[in-house]
Amino acid sequence: MPDLNLEKYVEQESSDLEEFRKQLSGRNRIFKPNGREFFEEKYLPSKLHHRSNEIKKVLSVLRPCVDGEAPNTLMVYGPSGTGKTAVLKHVGTNLEKIGKEDNKPISFVYINCSTMDTAYALFQYLGNFFTDEDKAKIPSTGWPFQAVLDKVKENLNQKERVIILALDEIDRLVKKSGDDPLHTLLTLQCECTNAKIGFVGISNDLRLCENFEQRVKSRLAGVTLTFNPYTGDQLKTILEDRAKQAFIEGKYRENEIALCAAIAAKESGDARRALRILRTAAEICESDGAERIEERHIYEAKNSIEKDVIKETIQKLRDHEKLTLYAVCLLSLRKESITTGSVYGTYGNLAKIQGMNQLSPRRITEFLTNMDELGLVSAYVQSSGRKGRTKQVELNIPLKETVAILEEDPLIKPLRQKLHPRGYIEKTLDDVKE
Ligand SMILES: Nc1ncnc2c1ncn2[C@@H]1O[C@H](COP(=O)(O)OP(=O)(O)OP(=O)(O)O)[C@@H](O)[C@H]1O
Ligand SMILES: [Mg+2]
């Protein structure tokens with residue numbers, strides 16, 4: 001048996017650990033212990049800056065619930081990161097507390113439709129919200145929908161109360177399941193006598209209701225509230241507040257916070273983006289061992305987030321959209337101008353090679369419009385002499401990176417191998433100057 005010299009081994013291990021511990025303690029800390037929590041999505045700030053008008057408006061619509069009456073329907077619109085969810089949760093949870101104090105039960109039910117985008121999932125959650133008993137719970141699959149619905153009504157109707165039902169990212173539900181679940185939900189209002197239900201819908205898409213059937217449109221017609229993007233100064237207050245809670249004093253300065261706010265305001269006025277830049281800058285600063293957050297950390301954070309955002313956006317596309325984007329990439333390699341017609345042709349070939357059904361030209365044009373809105377491509381109409389008006393398409397993001405992200409995808413990976421003679425795409429990509 002070989003001599004393992006365990007003692008020496010253990011000694012070595014612990015001295016490595018000691019070394020590691022030294023590095024860890026010598027590391028320059030920016031975050032307070034648990035400071036990262038203040039940057040988490042689930043963290044609800046107690047003070048919402050620059051949203052007092054919106055809070056007042058939401059309160060004025062929901063006020064009847066403190067008198068035990070169903071409030072009017074409220075639709076909240078606005079771009080990402082403008083505080084819609086934060087304001088609704090702030091008002092909803094505070095109303096719930098007031099209802100408890102006054103002995104007039106108010107339940108605030110918050111449902112994010114991006115994770116609950118089918119009728120079954122939505123009603124299962126709603127039904128189970130009002131019962132703690134395992135026996136009375138609706139299982140995650142298996143019940144006929146009518147049985148789920150009956151159980152929901154029974155549970156909602158158990159006692160007299162007001163229910164504020166907030167459906168966040170309602171556009172996701174409609175995209176996946178149409179407006180039927182919404183209609184069923186809205187009819188609960190008439191069918192539950194003990195429970196008085198008020199609806200709040202939250203969406204990024206201002207035109208959401210345009211395509212609804214009349215029966216849904218008329219029930220949703222209530223009060224509308226739109227949130228605007230934050231200005232640089234407003235974002236600065238939000239960031240300063242968070243920095244104070246999360247960072248050790250002296251580890252950041254006003255100038256760098258202002259820079260972070262200005263970058264986010266210029267991009268979109270999105271508070272989530274601003275907070276993400278600041279948090280990433282603090283992390284870069286910590287691993288850099290710098291004394292405090294510097295301008296270069298903010299710029300580095302901005303660049304790294306941009307890459308992540310492109311990746312996340314591409315990964316979230318549906319299969320046919322990924323094929324369409326890959327078609328745009330392949331056409332971009334040829335360095336010729338790209339029309340929607342040529343995208344459709346290349347997409348069709350890719351779909352065929354992949355053994356997938358080819359969607360209609362209209363759907364591909366819709367995909368290109370969607371990808372234009374997401375900032376991945378630019379699709380614009382151009383007059384082209386005798387041929388009339390054609391739609392031109394351009395890739396809006398770096399070609400090399402986009403191809404690399406797409407080719408990691410299990411859908412595109414095998415396609416790439418079938419498509420290109422060995423080395424062709426690398427050579428062409430090497431020629432691409434980004
Ligand atoms: N006025 C504010 N004061 C403090 N923090 C804020 C404020 N507005 C937004 N935030 C923070 O910014 C982040 C994004 O806000 P929120 O989730 O409410 O945006 P949203 O409008 O719902 O965006 P989306 O449409 O993408 O869902 C959250 O972490 C929230 O805490
Ligand atoms: Mg939200």
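Residues are numbered from 1 along each chain as its sequence is written, while chains are lettered from A and ligands numbered from 1 in the order in which they are written. In this predicted model, local features need pLDDT of at least 70 and side-chain atom pairs count only at pLDDT 80 or more, whereas totals for chains, interfaces and linings use all residues.

The chain contains 18 helices and 8 strands; helices (H or I, at least four residues) and strands (E, at least two) are DSSP runs, numbered from the N terminus. Of its 434 residues, 31% count as buried. A residue is termed buried if 20 or more other C-beta atoms lie within 10 Å of its own, exposed if 12 or fewer, and partly exposed in between, with C-beta atoms placed from the backbone. Of the contacts between residues at least 6 apart in sequence, 72% join residues at least 24 apart, a contact being a pair of residues whose C-beta atoms, placed from the backbone, lie within 7 Å.

Five strands form an open sheet in the order β2-β3-β4-β1-β5, with parallel pairing; two strands pair if DSSP finds at least two bridges between them. The edges are formed by β2 (106–112) and β5 (223–226), each of which pairs on one side only. On average, neighbouring strands of the sheet are turned by 15° against each other, direction ignored. Such angles run from 0 to 180 degrees between N-to-C directions, the axes being lines fitted to C-alpha atoms, for helices over the stretch in contact.

Strand β3 (residues 161–168) runs parallel to β2 and is joined to it by 7 bridges. Within this pairing, S107 stands opposite I163, and V109 has L165 as its bridge partner. L165 is also partnered by F199 in β4, and A166 stands opposite V200 of β4; β3 and β4 pair in the parallel sense over 7 bridges. Parallel pairing over 4 bridges connects β4 to β1, where V76 stands opposite I202. Because 7 of its 8 residues are buried, β3 is largely enclosed by the rest of the structure. Strand β4 is likewise largely enclosed, since 8 of its 9 residues are buried. Helix α2 (residues 52–62) lies across β1 (74–77), β3, β4 (195–203) and β5, and runs at about 165° to β5.

In α16 (residues 399–407), the buried residues include T402, V403, I405 and L406. Viewed down the helix axis, the buried residues of α16 fall within an arc of 165° and so line one face, the arc being that of the directions from the helix axis to the C-beta atoms. K418 belongs to helix α17 (residues 412–419) and counts as exposed because it has 9 C-beta neighbours inside 10 Å. K418 and I353 are 65 residues apart in sequence, with a C-alpha to C-alpha separation of 8.2 Å in space.

Around ligand 1 there are 19 residues, of which S80, G83, T85, A86 and A271 come nearest; a residue is near a molecule if its C-beta atom, placed from the backbone, lies within 6 Å of it. Two or more residues of this shell are given by each of α3 (84–101) and α11 (271–288). The shell comprises 6 nonpolar, 9 polar and 4 charged residues. Here Ala, Val, Leu, Ile, Met, Phe, Trp, Tyr, Cys and Pro count as nonpolar, Asp, Glu, Lys and Arg as charged, and the others, Gly among them, as polar.

Terms used. Two residues are in contact if their C-beta atoms, placed from the backbone, lie within 7 Å.
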